[in-house]
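Q: Let's go through some aromatic side chains together. Please keep the answers plain.

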Amino acid sequence: MTNELLKIENLKTYFDTWAGVVKAVDGVSLNVKQGETLGLVGESGSGKSVTALSILRIVPRPGKIVDGRILYKGESLLEKKENEMQKIRGKEIAYIFQDPATSLNPVFSIADQLVEIIRHHQNLSKQEALERAIDLFKLVEIPDPEVKIWNYPHQLSGGMKQRIAVARALSCQPSLLLADEPTTNLDVTIQAQILELMKNLKKKLGMSMILITHDMGVVAGVADRISVLYAGRVCESASARTIFYNPKHPYTVALLTAVPNLAIKREKLKVIPGTIPNLIEPPSGCRFHPRCEYAQPACSQEVPPLVEIEPEHYVACLRAKEIDVKSPLRAE
Amino acid sequence: MSIKRKVLHFFPTRVAHAVQSPLAKYVLRRLLYLIPLFFGILILVFVATRLAGDPVKLMTGLNPRITAEARERLTQYYGLDQPLYYQFAKFLWELFQGNLGNSYALRGGTPVTTLIGDYAWETFKLQLAALFFSLVIAIPIGVMSARRQYSKLDVSVTTTSLVGTCIPIFYMGIVTILIFSYFLGWFPYGQAHSLEPSRYPFGSYTLDELWHLALPTAVLTFATLAPVVLLVRSSMLEILRQDYILAARASGLSERTVVYKHALRNALIPVVTYVGLYFGGMLAGAPITETVFNWPGVGRLYVEATAKLDFPLIMGITVFITLMVLVANLITDITYAYIDPRIRIE
């Protein structure tokens with residue numbers, strides 16, 4: 001497989017806390033192809049962000065990658081030395097954080113922060129790096145780039161800051177962009193602008209992207225393929241179309257049902273009963289079984305493997321073939 | 001709570017002013033605000049010292065042959081028979097002319113300005129050395145401790161710092177003198193210089209100075225160090241959890257750049273505030289340390305002046321200390337604006 005950019009196999013990232021070992025990511029497998037956008041969807045605490053941080057190996061303490069393989073362009077990232085990883089971070093794989101208000105250092109000007117990263121990865125003079133930074137500002141459509149670049153983060157609006165965060169991520173032309181809920185903390189109109197911007201830039205620069213979100217609406221517009229995460233595991237992975245119109249995992253269906261939809265008349269929004277499980281002692285077997293309306297005794301015994309039930313459609317459900325779940329989007 | 005909010009909580013007016021006005025205006029406004037404060041302090045101390053007792057009685061109390069008339073003459077000579085407001089007005093009038101009066105007791109009526117001039121340098125020397133060493137030691141230790149939270153290193157650092165904060169400085173001073181001067185004989189008992197040049201180590205005046213400086217500096221450094229270590233540590237812990245630190249790591253910057261450039265600059269903001277406020281007090285001398293080490297500094301002078309009810313000297317040192325504290329605060333504000341652009345002015 002030559003066009004496979006990133007492949008994650010059975011990744012396990014645990015947090016060793018006073019209360020016990022939190023299994024935030026417990027056997028996640030994913031892959032991203034060249035030029036593709038993978039949507040990583042799940043509730044808060046499902047392990048989306050930790051998966052992304054694990055790729056760059058910057059999981060904050062006490063988090064630790066305990067098992068699995070991460071192959072990037074065929075090379076194993078988990079076997080690389082720290083200084084080799086520093087050359088990959090920001091240059092090969094870039095990260096965009098959720099909250100633009102906190103992801104820029106408040107005490108340095110934007111110019112300082114961008115120039116530092118550009119010069120860290122590329123052999124450029126200060127002046128050249130500054131010109132490059134101004135070009136990036138133009139790329140992310142910030143007005144008055146020559147003036148705005150000398151601003152400090154507190155002088156800019158949230159939407160501006162997120163554009164700068166995008167510019168920072170793109171500063172060294174990465175092959176893979178990890179966007180961790182890049183629009184969650186923005187106003188809806190700004191959200192659309194940023195998404196549109198990212199979509200265009202991705203096409204323009206030929207990058208791949210992992211878009212992490214809990215917002216089904218966001219992935220619908222951007223992602224080519226979607227992996228649905230639940231409690232640290234992948235429960236379904238398929239093309240965006242399949243996930244929306246032909247999901248097989250009860251959790252995916254529940255997620256879709258919980259999204260308000262103008263086209264479907266409903267008295268009440270349907271909620272998924274219960275909350276995301278405690279990850280220190282997760283439910284046995286399928287982690288979704290305590291909340292699943294299709295659960296059977298076997299579901300609490302056996303861990304369902306991720307099986308390809310039709311080409312490019314993977315589901316981790318023991319009853320995937322028997323139960324007849326239906327996407328709410330297909331309801332007539 | 002964010003650092004910014006923490007600081008805002010401390011100095012709401014200061015920050016509000018800085019945000020709205022250019023630096024010069026800001027400094028000017030601060031200075032204007034300091035004027036009533038300065039006079040307020042003077043009035044308080046002036047009244048308090050006059051309430052403390054009668055210096056003439058103290059001077060003559062042990063002399064049985066003194067006559068009531070002689071006492072009267074002394075009181076008149078010092079102007080203590082005048083009403084309080086008149087005394088204060090006179091004090092102010094002389095203050096504006098740069099005259100702080102003559103000491104009652106020390107060196108047979110030496111001008112107070114001369115006395116302070118002589119003692120202030122020794123205080124500066126000691127305090128600057130202690131501040132320098134405590135910062136140079138405390139910042140890296142605090143940072144290391146924060147980076148390895150709950151490690152053995154961290155636990156021993158926090159424990160030592162807590163113990164350091166708890167031991168009273170006079171006790172630490174006495175024990176240090178006992179060990180290093182009395183038992184081991186490595187350092188002199190006190191004073192800033194040897195009395196005779198023949199006792200200078202290798203005949204060098206500078207070495208003699210440093211030799212005398214060593215113990216009091218060590219004790220003062222340790223006492224200053226402990227709270228700064230704890231402050232750097234807690235501030236650093238909070239900053240290291242911030243998204244922009246993770247973002248700096250995600251950009252491929254080296255761990256050293258991330259910690260010592262991106263994190264430290266942010267973590268130092270509350271430290272600057274603390275050190276600045278502390279520094280003002282330090283310049284005024286550390287009465288206890290200076291007394292224990294018999295150090296000829298302003299702090300000890302203040303203690304002596306108070307014990308002898310030496311009114312002009314007490315007022316003179318008060319003026320000096322107040323000015324030092326106010327200047328230190330001003331420097332803090334400016335440094336602060338320099339480090340944190342959010343305080344800086346458009």
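Q: Is F39(B) buried, exposed or partly exposed?
A: F39(B) is partly exposed, at 25% relative accessible area (buried is under 20%, exposed over 50%, partly exposed in between, with a 1.4 Å probe and protein chains only). This is a predicted model, where local features need pLDDT of at least 70 and side-chain atom pairs 80 or more, while totals for chains, interfaces and linings use all residues. Residues count from 1 along each chain as written, chains are lettered from A and ligands numbered from 1 in written order, and side-chain values use heavy atoms without hydrogens or water.

Q: And F96(B)?
A: F96(B) is exposed, at 59% relative accessibility.

Q: How many aromatic pairs are there over all chains?
A: The whole structure has 17 (Phe, Tyr or six-membered Trp ring centres within 6.5 Å; planes under 30 degrees apart are stacked, over 60 edge-to-face, the rest tilted). In F39(B) and F96(B), the centres are 6.5 Å apart and the planes at 50°, so that pair is tilted.

Q: Where do those two sit in the chain?
A: F39(B) is in helix α3 and F96(B) in helix α6 of chain B, 57 residues apart (helices are DSSP H or I runs of at least four residues, numbered from the N terminus).

Q: What about Y104(B) and F311(B)?
A: Their ring centres are 6.2 Å apart with planes at 50°, so this pair is tilted too. Y104(B) lies in the loop between α6 and α7, and F311(B) in helix α15, so parts 207 residues apart in sequence are tied together. Y104(B) and F311(B) are both buried.

Q: Which residues join them in a cluster?
A: Y77(B) and Y78(B), linked with Y104(B) and F311(B) through ring pairs.
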